[in-house]
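Please find below my notes on the model you sent. They cover the fold, the sheet and the helix packing, in numbered points.

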Amino acid sequence: MSTATPRPSVLFVCVHNAGRSQMAAAFLTHLAGDRVEVRSAGSAPAGTVNPAVVDAMKEVGIDISAETPKVLTVETVRASDVVITMGCGDTCPVFPGKRYLDWRLDDPAGQGVDAVRPIRDEIAQRIRGLLADLDG
């Protein structure tokens, strides 16, 4: 018999699922391991993850080069305990009983790696806070 509590599920959502939500999902996966189920999606997914985002994450030892943007579905939101939006506007479905957080972050789309670094670092800081909250 397992006495383990079910692990929390976190969904990160932005418009293109090519930058902010990919970085957030990668940091949470990196820091939490299998303690948290992590998903990311976009309301209008791009074709690929932003190359500057991939490079910025490599600088901190996290490889997201194999990730691909995924479309946001109602099922994905329903399956998540915590939904963190990063500028997806009115396209994010809202369900009762879910915890929603809105992280206002600059959009790295079209930016070089120099502009992505501060966004990456702010996401890392917020992920550490989220993890402390989930664990606590």
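**Notes on the fold**

1. A pairing to look at in the sheet: Leu11 stands opposite Arg39 of strand β2. The model is a predicted one, and the points below should be read with that in mind. Strand β1, residues 9–14, runs parallel to β2 and is joined to it by 6 bridges.

2. Helix α4, residues 113–135, packs on the sheet, where it touches β1, β3 (82–85) and β4. The direction of α4 makes about 150° with that of β1.

3. In what order do the strands of the open sheet lie? The order is β2-β1-β3-β4, with 4 strands and parallel pairing. Strands β2 (37–42) and β4 (99–102) stand at the edges and have a single partner strand each, so one side of each has no neighbour in the sheet. From one strand to the next, the twist averages 20°.

4. On overall composition, the protein has 4 helices and 4 strands. Read from the N terminus, the elements follow the order β-α-β-α-α-β-β-α.

5. On overall dimensions, the C-alpha trace spans about 50 × 30 × 25 Å along its principal axes. The radius of gyration is 14 Å, which agrees with the value near 14 Å for a compact globule, because that is the figure that goes with 136 residues.

6. Next, the packing of helices. Two packed helices are described by the angle between their axes and by the distance between the axes. For helix α1 (residues 20–32) and α4, the axes come within 9 Å and cross at roughly 45°. Helix α1 is therefore oblique to α4. The crossing of α1 with α4 is right-handed.

7. Which residues make the contact between α1 and α4? From α1 they are Arg20, Met23, Ala24, Phe27, Leu28, Leu31 and Ala32. From α4 they are Val116, Ile119, Arg120, Ile123, Ala124, Ile127, Arg128, Leu130 and Leu131. By class, the residues of this contact divide into 13 nonpolar, no polar and 3 charged.

8. Helix α2, residues 51–58, also packs with α4, at an angle of about 60° and with the axes 9 Å apart. That angle makes α2 oblique to α4. The crossing of α2 and α4 is right-handed.

9. In the contact of α2 with α4, Ala52, Val53, Asp55, Ala56 and Met57 of α2 meet Val113, Val116 and Arg120 of α4. How many residues of each class does the contact of α2 with α4 have? There are 6 nonpolar, no polar and 2 charged residues.

10. To draw the points on α4 together: Val116 and Arg120 are among the α4 residues in the contact with α1, and Val116 and Arg120 are also among those that meet α2. Helix α4 touches β1, β3 and β4 of the sheet as well.

How values were computed
Residues numbered from 1 in each chain as written. Predicted model: local features only at pLDDT ≥ 70, side-chain atom pairs only at ≥ 80, totals over all residues. Heavy atoms only, no water. Pairing = 2+ DSSP bridges. Helix = DSSP H or I, 4+ residues; strand = E, 2+ residues; numbered from the N terminus. Axes fitted to C-alpha atoms, helices over the stretch in contact; angles between N-to-C directions. Contact = heavy atoms within 4.5 Å. Parallel < 35°, antiparallel > 145°, perpendicular 65-115°, else oblique. Left-handed = near helix turned anticlockwise from the far one by under 90°. Nonpolar A, V, L, I, M, F, W, Y, C, P; charged D, E, K, R; others polar. Rg over C-alpha atoms; globule rule 2.2 N^0.38 Å.
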